[in-house]
Amino acid sequence: MAQNRSAPAAGVNADEQAIRQSAAAFAAAFNRHDAKAIAQMWTPGGEYVDEVGQRIEGRAAIEKEYADFFQAHPDVKLQIAVDSVRLLNSTTAIEDGHVVLNPAPGGSAGLGRYTAVDMKQKDGRWLAASVRDTRIGTAAAGSPLQELQWLAGDWVAEHAGVRAEVTSRWDPAEDFMERHFVVTKDGKVASSSTEIIAWDPLTKQVRSWTFSSDGGRAEGTWYPQGNVWVVVHRGVMADGTPTTATDLWSHLLGDAIGWRSVQRSAGGTPIHDARDVVFKKSKPASTDNS
C-alpha cells in the first residue's frame, strides 16, 4: 500500500492523516525488510507486544526482533488497513487496524489485528509508544463465516470485451477466505485487488479487508439476508478520497454467483450503481492454498 503524500481529504484531521501515512510508511519499510527504519517508528522507549504476548522494549530490541524475523522469512510481505484513529488529545492517539501477512509462518497468509498508542513528537512526527498484535481466530463451527462456502472456487464473467475473474480460497485451517479479483479489458489488465474475509471475534461479525493494486483499500461488514449477503464497504482511494459502497453477493441456481454494487460514492458524491454481474464457476472449489 503506497504512502499517501497528498493533502488531507476533506473532513480528515491533519494529525489523523499523518498517522495513516505513518502506517503506510511502516508497511513500505516492512516490505523492503528494513528493520532499522521500522524501529525508528517507535519512541526510544516504545514497546511491541506480539501475538503470543512476547514484550519487546526499546528501539534496539525491536530492530533485532524484526531483523531476525526477516532473516527467517525472506519472502514475507505485509498489507495494512487502518480501521480507525482516535485522537485523545493534541499529542496522543489510539490507532486500530488490521494486517495481512503473506506468506505467514507456516506458508499461508495470516490475518491479524493491531492496536497502537501513538505519540506526537516535538518535530511533528507521530511515533508508536506501544503496539499490540492479535491474531484473528477461527470462527466457531456453525458461525456465519461457514455459510460462505459457496463463494470458494474460481469464477469468471465476460461482457463486451471485459472479463472479470475471481479466485477464492480458504486458508488451510479455514480461518478466512482469500479472494483475488482481476478485471481485463481487450486482453489487458484494467484493475486487480485482494480481499480477505474473516470472522471478527471482537465485533462478532463477518468482515472483509480489500487492498487494490492502485493503492486504495476498503473494509466491509457482511450481513446475511436469505441467499444474499449484503456487504457495506467504507474505504479510501490512494489519494485519500473516502469511498462507500454496498455490494450484494447472491448464490444462484447451478454453479453461478451474482454481484451487484449500489449506494456508491466517492468524496461524498454519489456514483451510479454497477450493472448486475453473473459469475460462472470455471474450476471446482478447493481448499488447496498452494
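Trainee: In which sense do β1 and strand β2 (residues 55-57) pair, and over how many bridges?
Mentor: β1 and β2 pair in the antiparallel sense over 3 bridges, where pairing requires that DSSP finds at least two bridges between the strands. This is a predicted model, in which local features need pLDDT of at least 70, side-chain atom pairs count only at pLDDT 80 or more, and totals for chains, interfaces and linings use all residues. Residues are numbered from 1 along each chain as its sequence is written, and side-chain values use heavy atoms, with hydrogens and water left out.

Trainee: What lies between β1 and β2 in the hairpin?
Mentor: There are 5 residues between them, and Gly 53 in that turn has a positive phi of about 90°. Val 49 has Arg 55 in β2 as its bridge partner.

Trainee: Which way does β1 run relative to strand β6 (residues 126-135)?
Mentor: Those two run parallel and are joined by 4 bridges, with Tyr 48 standing opposite Val 131 in β6.

Trainee: Why is β1 (residues 42-49) described as largely enclosed?
Mentor: Because 6 of its 8 residues are buried, β1 is largely enclosed by the rest of the structure; buried means under 20% relative accessible area (1.4 Å probe, protein chains only).

Trainee: Switching topic, is Arg 179 buried or exposed?
Mentor: Arg 179, which lies in strand β9 (residues 176-185), is buried, with a relative accessible area of 1%.

Trainee: And what is Arg 179 in contact with?
Mentor: Leaving aside neighbours within four places in sequence, the contacts of Arg 179 (heavy atoms within 4.5 Å) include Glu 195, Trp 222 and Trp 249.

Trainee: How much of the whole chain is buried?
Mentor: Buried residues make up 44% of the 290 residues in the chain.

Technical notes
Buried < 20%, exposed > 50% of the residue type's maximum accessible area, 1.4 Å probe, protein only.
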